[in-house]
Amino acid sequence: MTDLGSSPPAVPTQAQVQAHMHHPPIVECLGVDDMILTYSSEHWIDPLGEDGVQYWDVGMHVKEDAGPGTSFGSARFCVADEYRVANIVHSFDTLSSDLYRIGKTLYDEKTGDLRDDLHELLALPGKATIVDKVTIDRRLRGHGLGVYLTGMALDYLNHGAGVIALFPGPLERDDNTNHQQACASLGRAWSRIGFTPYNDGTWILDPGMTTLDNALRRERERLQHHRWNMTFCYEERGLSTISAITMAKSIPHPLPNRLS
């Protein structure tokens, strides 16, 4: 489920308030060139271990001293290889209901093979990369930043083969949310980098085509004009948090879709 949401900013503790008295907050005006992505994964050496689905965790950070600084978002991807397990759909089923829903949409549930109609759609069938979860600071939403950075990570991890898939829906459902409307809005957000509806609510993107590259180029050109004023508060241990985010007045108005 990919709603690009996040928890509300935490209220500073008394210890943090005292630390800020010794380390005054710093305000910086930052853009996409001041952001950096980090990647981490686990590779189990045990030959009996399940390695048909590999998780990748991507961190979204402010660049600091030529490296990753304060985090403002994250993404989790699953890279699935049907040839490394007996049945990839069954593997998804043991991991989560969301992955299982996408898995049985992409693959035949009985055989574990990529569905014939999807095989015909792809330029170069191969591994499937599934966008499992994306979160970004709520104060940065509404500009397409989360979608763009997720697309950059997908472009980095995927090598032009297979299919990229996601289910555009809110991570949490409640009585006050029109789920169908929320999914439609998120679908429009993800369509900015080339995702299109496939089946049963799952959207796909073919990395073997130039769609993603062209979309990322357009989104980068648009976001180059965006600037955010971020206020950083530093603790005694050198850790920093973003206590406030506002948009510089000189940038274009955000996208009408507030979920991106």
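Predicted model: local features only at pLDDT ≥ 70, side-chain atom pairs only at ≥ 80, totals over all residues.
I found an open sheet of 7 strands in the order β2-β3-β4-β5-β6-β8-β7, and the pairing is mixed. I noted β2 (35–41) and β7 as the edge strands, since each pairs on one side only. I read an average twist of 35° from one strand to the next.

**Helix on the sheet.** I then checked α5, which packs on the sheet and touches β2, β3 (53–64), β4 (67–80), β5 and β6. I noted that the direction of α5 makes about 50° with that of β2.

**A parallel pair.** I looked at β5 (residues 128–136) and β6 (residues 163–166), which pair in the parallel sense over 3 bridges. I found T129 opposite I164 in β6.

**An antiparallel pair.** I turned to β7 (residues 196–199) and β8 (residues 202–205), which run antiparallel and are joined by 3 bridges. I traced T196 to its bridge partner in β8, I204. I counted 2 residues between the strands of this hairpin, and I saw that D200 takes a positive phi near 50°.

**Cores.** I looked up the largest nonpolar core and found 39 residues in it. I listed F72, L145, F195 and M230 as those with the most contacts inside this core. I saw that helix α5 (residues 145–157) gives the largest share of the core, 7 residues. I also noted another core lying apart from this one, with 23 residues, among them L99, I102, V163 and Y198.

**F72.** I asked which residues F72 touches, not counting those up to four places away in sequence. I found M35, M60, H61, V62, I136, D137, L140, L145, L149 and I242.

Notes: Residues numbered from 1 in each chain as written. Heavy atoms only, no water. Core = buried A, V, L, I, M, F, W, Y, C linked by side-chain atoms within 4.5 Å. Buried < 20%, exposed > 50% of the residue type's maximum accessible area, 1.4 Å probe, protein only. Helix = DSSP H or I, 4+ residues; strand = E, 2+ residues; numbered from the N terminus. Contact = heavy atoms within 4.5 Å. Pairing = 2+ DSSP bridges. Axes fitted to C-alpha atoms, helices over the stretch in contact; angles between N-to-C directions.
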